[in-house]
Amino acid sequence: MAKKYPNVAYFCMEYGLDATMKTYAGGLGILAGDYLKGAKDHEFPLVGIGIKWKQGYTDQRIDENGNPYDAYHNYDYDYLEDTGVKVTVKIRQRDVVCKVWKIEKFGNVPLYLLDTDIPENEDAWITGQLYGWFGEERIAQEMVLGIGGVRALRALGLDIDVYHFNEGHALFAGFELMKEEFDQGATFEEALNATRAKTVFTTHTPIIQGNESHHLDRLMYMGANNGLTLEQLVEIGGAPFNMTVGALRMSRKSNAVAELHGETANKMWAHVEGRSEIIPITNCIHKPTWVDENMIKVAEDGGDLWEAHMKNKRDLISFIHERNGVTLKENKLIIGFSRRAAPYKRSDFIFTDESIIGPLLESGKVQIVFSGKAHPLDDTGKGIVSSLVKMSKKYPEAVVFLENYDMTIGAALTRGSDLWLNNPRRPKEASGTSGMKAAMNGVLNFSTLDGWWPEACNHGVNGWQFGDGMEFEDEAVLDTHDLKALYDVLQNEVLPTYYDKHEKWVEMMRESILSTKEQFAVKRMLENYYEKLYAIE
Ligand SMILES: *Cc1c(COP(=O)(O)O)cnc(C)c1O
């Protein structure tokens, strides 16, 4: 009998399966975790390959002066299953042994995690910190994921048809697939073509710096070339070696993570010769993880949606009270905002003109809850976090900053807020999935037309846009334009609807849920990947 779907091995540096499992940093990991759960729910043949991070990503807390600091802890999980499999990767001329764990506990298809923290390794630290290091260490980690990952699949005896690199971190898996071809006597061209035939790639951030590149000498010295010559490396990833460029050349098909991102990515990588086509497949979320089932049910049945929402809002208010000692008012608007503190996301944007926002905060008409980490080495991002904390001290009854953003905070905020604010500079946000969580929980989106939102937004019907999708090279011009739009829509549409047209607000909540609950649920995404990306033509 013909196989319905190809077997897929999905490679990703991070997975957010559960708040207790510190193997994720942000959106990429949440997406990967949701994807594995969706594959299990809807019976798609897929396994995940990742790393068992000893310390995970930073536990970022706020000190007495209101500045973020990074704390690391060692985490162990008694629920990981030992597969009994170990594979070896030669890193810097030394054999590094990778132990392979398996986890299926969170309603996900099998996820295999590689771990170098075992006594026989001199280099036990490699799987220590997720995105915690640069240069050599990052390459070593990516060698474990890619080269070690393919070897683990072989040692486990799994039959794989398609290798999916979710982000360029996994690219070295392609070098291992090529090596398998070389071992059969293939030439460089033959090995590359054979690898391409079974590899697909998802590109993420359109921020240039977010697309890692490495010095060629360093790749050679580390042994990441896996038998390729320096010239062959250049042919694949350029000089310096860009992981995204390499992945675009080693895959037969690629995708971007939203329609708009598809356009952006095609422009951004237009100069790369010999790359795969980039098609758009918009991200989705795993509903059982993020959405209050009752909200969907009440929206479908025409029940009292406001009362159902107020339960979630009260839960959020007590959550904030427990964490920060602040009691927000349940009869006033709560705006939620949680994002990595990166400049293009403009986390403190709403505070730009205090003559406008100040009185709204002082009167209590607007309450805002923030959360988000900055990358440990990103001083600008840390400055943004400090500025948010400062605002929470200036307006202690109306502004809250929740430290150490994680899945627990993400879930609480996207359920219990009234309004979900998102103000990236278009077109820098690849997709964004927190807005989908909010939308399906009846939390209305209030966002620039970036990422997934242009596909879902029906202004004044299921949420609001501001800025009309404008793009400007000059950031100062764009910021001025978007800020005026933000304040206009907030004051003239959002607040009057919330305070004076309650029935309309509730109707919009219903629309928000009904218009997004299928289109942005992970089943649609899996079907798209299997039909448009994995299908062997
Ligand atoms: C949903 C989620 C994300 C991704 O959301 P974005 O909209 O892409 O920022 C990141 N981190 C956590 C903890 C989440 O829950």
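This is a predicted model: local features need pLDDT of at least 70, side-chain atom pairs count only at pLDDT 80 or more; totals for chains, interfaces and linings use all residues.
Where is the place of proline 240: in which loop, between which helix and which strand? Proline 240 sits in the loop that runs between helix H6 (230-237) and strand E11 (241-242).

**Overall form**

The protein contains 19 helices and 19 strands. A compact globule with 537 residues would have a radius of gyration near 24 Å, and the protein agrees with this because its value is 23 Å. The C-alpha trace spans about 75 × 55 × 50 Å along the principal axes.

Of the 537 residues, 63% are buried. Among contacts with a separation of 6 or more, 72% are between residues 24 or more positions apart. The protein exposes about 20200 Å², and carbon and sulfur atoms supply 49% of that area. There are 58 positive and 79 negative charges, and their mean positions are 2 Å apart.

**Nonpolar cores**

The largest nonpolar core has 98 residues, and Phe11, Leu46, Phe172 and Tyr534 have the most contacts inside it. Helix H2 (residues 136-156) gives this core its largest share, nine residues.

Phenylalanine 11 can be followed in more detail. Leaving out residues up to four places away in sequence, phenylalanine 11 touches a set of residues that includes Ile49, Leu145, Gly149, Leu153, Tyr163, Phe165 and Ala173.

Leucine 113 belongs to strand E7 (residues 111-115). Is leucine 113 buried or exposed? Its relative accessible area is 0%, so leucine 113 is buried. Apart from residues up to four places away in sequence, leucine 113 touches Met21, Gly50, Ile51, Lys52, Leu80, Lys99, Val100, Trp101 and Ile103. Proline 45 is 68 residues from leucine 113 along the chain, and the C-alpha atoms of the two are separated by 18 Å.

Helix H8 (residues 259-268) also has buried residues: Leu260, His261, Gly262, Thr264, Ala265 and Met268. An α-helix has 3.6 residues a turn, so residues three or four places apart point the same way. The cover over the buried residues of H8 includes strand E12 (253-256), strand E13 (277-280) and helix H16 (453-456).

**Backbone exceptions**

Most residues other than glycine have a negative phi, and most peptide bonds are trans. The table lists exceptions.

| Site | Feature | Angle |
|---|---|---|
| Alanine 239 to proline 240 | cis peptide bond | omega near -5° |
| Arginine 426 to proline 427 | cis peptide bond | omega about 5° |
| Tyrosine 131 | positive phi | phi near 55° |
| Aspartate 468 | positive phi | phi about 55° |

Proline 427 is in the loop between strand E17 (419-422) and helix H15 (434-440). Tyrosine 131 is in the loop between E7 and H2. Aspartate 468 is in the loop between strand E19 (463-465) and helix H17 (475-500).

Tyrosine 131 has a relative accessible area of 11%, so it is buried. Aspartate 468 is exposed, because its relative accessible area is 57%.

Note on methods: Residues are numbered from 1 along each chain as its sequence is written. Side-chain values use heavy atoms; hydrogens and water are left out. Helices (H or I, at least four residues) and strands (E, at least two) are DSSP runs, numbered from the N terminus. The radius of gyration is taken over C-alpha atoms; the globule rule is 2.2 Å times the number of residues to the power 0.38. Buried means under 20% relative accessible area, exposed over 50%, partly exposed in between (1.4 Å probe, protein chains only). Contact means heavy atoms within 4.5 Å. Accessible areas come from the Shrake-Rupley method with a 1.4 Å probe; for residues, only the protein chains shown count as cover. Lys and Arg count as positive and Asp and Glu as negative; His and the chain ends are not counted. The place of a charge is taken as NZ of Lys, CZ of Arg, CG of Asp or CD of Glu. A nonpolar core is a set of buried Ala, Val, Leu, Ile, Met, Phe, Trp, Tyr and Cys residues joined through side-chain atoms within 4.5 Å.
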